[in-house]
Amino acid sequence: MSAIKKDYKRITTKSLIEMKSNGEKISMLTAYDYTMAKIVDTAGIDVILVGDSASNVMAGHETTLPITLDQMIYHASSVVRAVERALVVVDLPFGSYQSDSKEALRSSIRIMKESGGHAVKLEGGKEIKESIKKILNAGIPVMGHLGLTPQSIYKFGTYTVRAKEEQEAEKLIEDAILLEKLGCFAIVIEKVPANLAEKVAKSISIPVIGIGAGGGVDGQVLVIHDMLGMNNEFSPRFLRRYMNLYEGMTKAISQYVEDVKSEDFPNEKEQY
Ligand SMILES: Nc1nc(=O)c2c([nH]1)NC[C@@H]1CN(c3ccc(C(=O)N[C@@H](CCC(=O)O)C(=O)O)cc3)CN21
Ligand SMILES: CC(C)C(=O)C(=O)O
Ligand SMILES: [Mg+2]
């Protein structure tokens with residue numbers, strides 16, 4: 001079941017909704033800096049997420065909680081400078097939107113104004129309804145995020161699969177329908193059973209982009225460092241590694257060290 005791939009010069013929120021109705025799957029990856037974003041955009045990705053996973057991947061924190069709004073804006077502005085085609089979505093970090101809807105709007109405006117990103121993403125459903133309304137009213141596109149929402153890790157206790165029980169599954173479906181009704185242009189669903197994610201995708205007309213949510217959804221997202229094999233520690237079942245950059249880069253760097261030590265580098269052609 002492979003749909004015709006339409007040629008988009010520039011991806012907008014409308015393009016993603018169109019892709020869903022055409023049955024074309026949406027590709028999404030994270031990026032946090034200029035050089036990586038340039039490669040990801042050139043390779044033809046539809047959506048670049050400046051994820052708060054930068055807290056883990058860029059800064060080495062154990063969770064996404066410590067990263068600040070200023071730091072997210074720094075990453076996002078670097079990404080935006082590289083991108084010509086992809087839609088750039090920026091995560092609102094923990095603490096920048098949960099207090100009240102005014103704070104959520106203020107943080108979203110800062111992201112749009114100071115980074116040049118094209119949309120924001122927030123974790124949660126019904127609980128953040130007023131915030132989503134306010135942000136949308138200001139003309140800022142919103143992507144939802146349901147299921148395993150890592151900013152609530154201390155509430156969940158573990159990163160295990162969410163919504164295995166009837167009650168949480170029901171809430172997930174209700175939240176997805178609510179997010180569509182409010183006017184979100186897409187929803188990320190993280191680490192829930194594939195049959196539930198597929199059910200959600202079939203219940204709404206905005207795209208559902210999955211991570212660890214199976215193939216029945218409208219698109220897929222992964223953290224770029226994970227899929228390039230730059231981390232060896234992170235190996236959840238949902239991850240497919242397309243390269244082993246950890247090994248490749250370690251070999252290259254070891255070779256450089258050896259070449260410097262042995263005075264092989266630089267040679268005559270590599271000097272003035
Ligand atoms: N490098 C990276 N990749 C990600 O996908 C990612 C981040 N960081 N940081 C923010 C969130 C956190 N995410 C996570 C974190 C853990 C698992 C996970 O499956 N962890 C364990 C299993 C935990 C358990 O079952 O208790 C694993 O198998 O690695 C999945 C997504 C997704 N996001
Ligand atoms: C894993 C994705 C969906 C995310 O929110 C992030 O990278 O921060
Ligand atoms: Mg995130």
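The structure is a predicted model, in which local features need pLDDT of at least 70, side-chain atom pairs count only at pLDDT 80 or more, and totals for chains, interfaces and linings use all residues. Residues are numbered from 1 along each chain as its sequence is written, while chains are lettered from A and ligands numbered from 1 in the order in which they are written.

Now for the ligands. Ligand 1 has 16 residues around it, and the closest are Ser53, Thr158, Tyr159, Val223 and Pro236; a residue is taken as near a molecule if its C-beta atom, placed from the backbone, lies within 6 Å of it. Two elements give two or more residues to this shell, namely helix 3 (54-57) and helix 10 (224-227). Helices (H or I, at least four residues) and strands (E, at least two) are DSSP runs, numbered from the N terminus. Sorted by class, the shell around ligand 1 holds six nonpolar, eight polar and two charged residues. Here Ala, Val, Leu, Ile, Met, Phe, Trp, Tyr, Cys and Pro count as nonpolar, Asp, Glu, Lys and Arg as charged, and the others, Gly among them, as polar. Ligand 2 is surrounded by Thr30, Leu49, Gly51, Asp52, Ser53, Asp91, Val188, Glu190, Ile211, Val221 and Val223. By class, the shell around ligand 2 comes out as five nonpolar, three polar and three charged residues.

The annotations are worth a look next. An unreviewed UniProt entry places the feature "binding site" at Asp52, Ser53, Asp91 and Lys121. These four span 70 residues in sequence, yet no two of their C-alpha atoms are more than 12.6 Å apart, so they gather at one spot. UniProt (unreviewed entry) also puts the feature "binding site" at Asp52, Asp91 and Glu123. That set spans 72 residues in sequence, with no two C-alpha atoms more than 10.9 Å apart, so these residues gather at one spot too. UniProt positions are given in the numbering used here, feature names are shortened, and annotations may be inferred rather than shown by experiment.

Taking the annotated residues in turn, Asp52 lies in the loop between strand 2 and helix 3. With 29 C-beta neighbours inside 10 Å, Asp52 counts as buried; the cut-offs are 20 or more other C-beta atoms within 10 Å for buried, 12 or fewer for exposed, and partly exposed in between, with C-beta atoms placed from the backbone. Beyond its neighbours within four places in sequence, Asp52 is in contact with Thr64, Ile67, Met72, Asp91 and Pro93, contact being C-beta atoms, placed from the backbone, within 7 Å. Ser53 sits in the loop between strand 2 (47-50) and helix 3 and is buried, with 20 other C-beta atoms within 10 Å. Asp91 lies in strand 3 (residues 87-91) and is buried as well, with 30 C-beta neighbours inside 10 Å. Leaving aside neighbours within four places in sequence, the contacts of Asp91 include Asp52, Met72 and Lys121. Glu123 is in the loop between strand 4 (119-121) and helix 6, and is buried with 24 other C-beta atoms within 10 Å. Not counting residues up to four places away in sequence, Glu123 touches His145, Thr149, Gln151 and Ser152.

Helix 9 (residues 194-203) has Leu196, Ala197, Val200 and Ala201 as its buried residues. These cover an arc of only 140° around the axis (taken from the directions from the helix axis to the C-beta atoms), which puts them on the same side of helix 9. The face turned away from that side carries the exposed residues Asn195 and Lys202. Among the elements covering the buried residues of helix 9 are helix 8 (166-182), strand 6 (186-190) and strand 7 (208-211).

Finally, some backbone details. A cis peptide bond joins Phe265 and Pro266, with omega about -5°; Pro266 falls in the segment after helix 11 (245-261). Ala163 has a positive phi, near 60°, in a residue other than glycine, and lies in the loop between helix 7 (153-156) and helix 8. Lys191, also not a glycine, has a positive phi near 45° and belongs to the loop between strand 6 and helix 9.

Note on methods
Two residues are in contact if their C-beta atoms, placed from the backbone, lie within 7 Å.
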